[in-house]
Amino acid sequence: MPVKAELRKRVCKEIDRYCDEIIAVCESALSHPEPGFKEKRTARLVEDKFIELGIPYRAGLAVTGIKAILKGKQTRPMIAVIGELDSLVIPDHPHADPVTGAAHACGHNAQVAMLIGVATALSRSGVMSWLDGSVALIAAPAEEYIQIEYRQSLRKQGIIEYLGGKAELIRLGEFDDIDMAMMTHTANLPEGKKLLMGGTSNGTIAKQVQYLGKASHAGGSPHQGINALNAATIAMAAINTQRETFKDADTVRVHPIITKGGEAVNIVPADVRMETFVRGKTLDAIKDADRKVDRALRAGALAVGAKVKINTLPGYLPMQNNELLQEVYRQNALRLLGKDEIIPAGTHGTGSTDMGDVAHIMPAVHPMIGGVSGTSHGNDYLVCDHRLAVITPAKIMAMSVIDLLADGATKAKEILEKCKPAMTKAEYITLMNSFLKEEEWQG
Ligand SMILES: [Zn+2]
Ligand SMILES: [Zn+2]
């Protein structure tokens, strides 16, 4: 059998050969952004590529997800390479959908292209016939935890149970035959650095809140009403009073928005809705902040005599990158990028990702690649260097698959032997469900 170096060379050659087609996927996804659980066209784009490459796949997983299998000499170990399908909603982004306002401002369009890059490399090069394990290519829906009311409606219809894509894929058993997982996210990195090795990030829960008051004439008879907007305003102020009690080390983030503020300006608002995340570095930090936020939400209802409904939903678990798997990734990054261009692991991000959920049940990595400009989740976030943002991570991940699965899959087996996951899938599901709460409180 060819040595690993030769196999790595072969996959990189295929990626270079199909470079333009791979980058075209990034551009195509950019021009048709779709938020989570609505990624129909983006999923079709991925399916068409899998058909073109002759890779068997299943679609419609967790509404829009896709899983394709590249079989090697053995079925296991199975390495998942993941790309996220969904966009955000940023109506003033230059590539926003004019009707829905959806826009790729988190670089998931680059991830879709990387996934196709890895698929192209591994299938066209013929390397799978030398590998002692298999690869699952997963196009995952709904990483951005947004449009909670819409997703709750899907949940009420029994279409989904969890509001994030990977959590839902785990629940459905799509990770049951997978041993470890990798993906690469884009990021605008400091000082022009090209790669940030994965560190830790916050976990989160989500809340959907509704204040119910009493409508009346806002000018003529406000005394006959109960102002639900005032209740929400007091709750926001009350949440702010909790901030000094959050420990810096816990990196708590609570950032509510009002999604409905009233019906008409001349009516005392009787139905006001909010959404918020409660993020923290650890589950204990999240639970502590959760309790305080609920207290603050009730305070708003108490002050004006309104009713508050608080729906608490499981979100994402804190991310932890597996060191051994990440070292395989880093060694391949070093083959393409200078040592000085790579920021070592160790930073903590205060955002959240559902890759954290995957990382709780198996070794997983989530490094960040450069090649983008602008502010993450802002109206100016764009891929500006496709070779770096798409082609480089596709090569790194394809080469890492080879290092893990060549030579009897020694490396993958070593990682699985040394790294026991934090919990089983059953324990994960129990934990997720423990966050679920529905409360109705009359102030
Ligand atoms: Zn994002
Ligand atoms: Zn993202």
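**Exercise 1.** Which residues coordinate the zinc ion (ligand 2)?

*Solution.* This is a predicted model, in which local features need pLDDT of at least 70, side-chain atom pairs count only at pLDDT 80 or more, and totals for chains, interfaces and linings use all residues. Residues are numbered from 1 along each chain as its sequence is written, chains are lettered from A and ligands numbered from 1 in the order in which they are written, and side-chain values use heavy atoms, with hydrogens and water left out.

Taking as donors the N, O and S atoms within 2.8 Å of the metal (3.2 Å for Na, K and Ca), with water not among the atoms, so that sites may look incomplete, one finds Cys106 (SG), His108 (NE2) and His185 (NE2) at 2.0 to 2.4 Å. Along the chain, these donors follow the spacing C-x1-H-x76-H. Cys106 also bridges to the zinc ion (ligand 1), the two ions lying 3.1 Å apart.

**Exercise 2.** Determine whether Cys106 and His108 are buried or exposed.

*Solution.* Buried means under 20% relative accessible area, exposed over 50%, and partly exposed in between (1.4 Å probe, protein chains only). Cys106 has 7% relative accessibility and therefore counts as buried; His108, at 0%, is buried as well.

**Exercise 3.** Find the residues that Leu122 contacts beyond its sequence neighbours.

*Solution.* With contact meaning heavy atoms within 4.5 Å, and leaving aside neighbours within four places in sequence, the partners of Leu122 are Val11, Leu70, Val127, Met128, Val135, Ala398 and Val401.
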